[in-house]
Amino acid sequence: MMGNSTTLRKVESMAVNQSMQAAFLPGDDKVELRTLAVPHPRHGEVLLRVKASTICGSDIRCIYHEHLGKGPEGYQGVIAGHEPSGQIVEVGPGCRRFAVDDRVIVYHISGCGVCNDCRRGYMISCTSEKYRRAYGWQRDGGMANYMIAEEKDLIALPGELSYADGAQVACGFGTVYEALEKIGINGNHSVLITGLGPVGLATAALCRKLGADKIIGIDIVRERLDLARSLKLCDFVLTAATGNVTEIRDLTHGFGVERAVDCSANALARATAIRATRKWGKIALVGEGGSVEFNPSADVIHDQKTIYGSWVTSTWLMEELVGRLVRWNLHPADIITHRFNLEHAAEAYALMASGKCGKVAVCSDEELTLK
Ligand SMILES: NC(=O)c1ccc[n+]([C@@H]2O[C@H](COP(=O)([O-])OP(=O)(O)OC[C@H]3O[C@@H](n4cnc5c(N)ncnc54)[C@H](O)[C@@H]3O)[C@@H](O)[C@H]2O)c1
Ligand SMILES: [Zn+2]
Ligand SMILES: [Zn+2]
């Protein structure tokens, strides 16, 4: 794993005085490319050559159209992109594990490292206002040729996985793995997924490997329903409608599903997920923002159901997921339908915002030509 000093010097001199392109999201459906100097890593940091940087529904919801996010979702005008994966080209002083040439995923929130949440590996919910900074939100992210990351935020990317696989783990697949670990999935379970965007498709892909008996997906966008069908990720796909609960009961011997995961953030879809879950079932809410209305007694209490909220994941569960992906031969990049180079980042964001796609990736070098 260790890069030798000749490589280090060579790569260092390559990066010095170089400039790079980086994408910013000023709002109003715009992407602005700026030329900046390539930064150098300080103590405990590394410089990555970004190989793949994928776009999340949260980027569109909170930043791209308009800067709507607050607190942890507040965008502070930094380089965009919170799903980066790349190769280390320069290492700052004081790094303890990673070296030049290592392939890595960036866990997308840098925490203080010493609060209780950080100590559990959940930097996502770091309680330090001063030190918590998410890549692509409050500190420079992956929509650039190079990026600085803290060594403590890195997850090793094994050779069996591509950088695009890694970028998908940085947020989407990591988030879904956490939610599925909370509700538990096995062969006794029919699973309903509301919202078949990249996060919903990731849910379906992981549920398959976890042995779910039957996977039912719902969306409103035809391209997404078609994709879930053509990738064989769902056994049944339904167009969102008021009759969905009845349709799901019909597909599950009249009972409803044992597990449901909302990846839509839509109020009606969330209510469907809750109501189409059978007695003693579990529901995970992953889609963010918006609201939901349900009747606590009729829809949850009397049927002994449990609703879980799930926010991103921990560094240790992300590492565990990477190991599982290798063991299962599961490639998250399979749900990427479009790859763009950084110069075409504006097209990439516009496509993701249209919803007429699977996952959209901005890539460089070998990742541009890979499927
Ligand atoms: N909890 C977390 O930690 C976490 C992490 C990452 C993303 N997210 C959130 O997860 C959600 C999904 O992310 P994504 O990247 O797939 O976004 P996305 O916007 O591409 O996907 C949402 C999907 O829901 C569908 N949808 C809308 N209304 C619907 C309805 N009535 N019924 C069924 N489907 C409907 C949309 O057509 C779309 O395909 C977003 O809200 C995102 O912010 C949460
Ligand atoms: Zn995300
Ligand atoms: Zn912290």
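Student: Where does H253 lie?
Tutor: This is a predicted model. In it, H253 sits in the loop that joins α7 (244–251) to β13 (257–262).

Student: What is the phi of H253?
Tutor: Near 55°. That is a positive value, and the residue is not glycine.

Student: Which loop holds N329?
Tutor: The one between α10 (315–328) and β16 (336–340). Phi of N329 is also positive, near 55°, and N329 is not glycine either.

Student: Why is N329 classed as exposed?
Tutor: Apply the cut-off of 12 or fewer again. N329 has 8 other C-beta atoms within 10 Å, so it is exposed.

Student: Now the ligand. How many residues surround ligand 1?
Tutor: There are 32. The closest are G57, G195, G197, A240 and A269.

Student: Which helices and strands each supply at least two residues of that shell around ligand 1?
Tutor: Four helices are on the list: α2 (57–64), α4 (163–183), α5 (198–209) and α8 (267–275). The strand β11 (214–219) is there too.

Student: How do the shell residues around ligand 1 divide into nonpolar, polar and charged?
Tutor: Sort them by residue type. The shell has 16 nonpolar, 12 polar and four charged residues.

Student: Which domains does the shell around ligand 1 draw from?
Tutor: Domain 1 (5–157 + 331–369) and domain 2 (176–309) each give at least three residues.

Conventions. Residues numbered from 1 in each chain as written. Chains lettered and ligands numbered in written order. Predicted model: local features only at pLDDT ≥ 70, side-chain atom pairs only at ≥ 80, totals over all residues. Buried ≥ 20, exposed ≤ 12 C-beta atoms within 10 Å, placed from the backbone. Near = placed C-beta within 6 Å. Nonpolar A, V, L, I, M, F, W, Y, C, P; charged D, E, K, R; others polar. Domains from an automatic or database assignment.
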